[in-house]
Amino acid sequence: MFEKLQRAFWKALTPDLIAETATAPTQSLLSAEVLNALGGADNLKSQQRVALTRVRVQLQDMGRVDEGALKAAGVPAVMVLAGGLVHLLTGL
């Protein structure tokens, strides 16, 4: 109980620093253009907002990612990590 209260308190103070739980790929945090550039909604394992301007996405197949299409869809920066993780900068 105390941990939930403490987490809610810190989230209220720093909403962009406390990560939410991962959302199902069907409840997209991303636009259709960004989803297509990531290889389609079926290529997503999970997505999670990590800050107000960043989304962490875990993918099934990294080969389906089109970084040029991501930039064209309005994603200014992409950081590709090992294990199928991609961090998307979604705003400034």
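Colleague: What are the ground rules for the numbers?
Modeller: The model is predicted, so local features need pLDDT of at least 70 and side-chain atom pairs count only at pLDDT 80 or more, while totals for chains, interfaces and linings use all residues. Residues are numbered from 1 along each chain as its sequence is written, and side-chain values use heavy atoms, with hydrogens and water left out.

Colleague: How many helices and strands?
Modeller: Three helices and four strands, where helices (H or I, at least four residues) and strands (E, at least two) are DSSP runs numbered from the N terminus. The pattern along the sequence is α-α-β-β-α-β-β.

Colleague: Where does His 87 lie?
Modeller: In strand β4, residues 85–89.

Colleague: Is His 87 buried or exposed?
Modeller: Buried, because its relative accessible area is 18% and the cut-off for buried is under 20% (1.4 Å probe, protein chains only).

Colleague: What does the His 87 side chain make a polar contact with?
Modeller: The side chain of Arg 56, at 3.4 Å. A polar contact is a pair of N or O atoms within 3.5 Å; within protein, one must be able to donate a hydrogen and the other to accept it, and residues adjacent in sequence count only if both atoms are side-chain atoms.

Colleague: Switching topic, how many residues has the largest nonpolar core?
Modeller: It has 15, a nonpolar core being a set of buried Ala, Val, Leu, Ile, Met, Phe, Trp, Tyr and Cys residues joined through side-chain atoms within 4.5 Å. Leu 88 is among those with the most contacts inside it.

Colleague: Which elements each supply at least two residues of this core?
Modeller: α2 (32–37), β2 (54–59) and β4.

Note on methods: Buried < 20%, exposed > 50% of the residue type's maximum accessible area, 1.4 Å probe, protein only.
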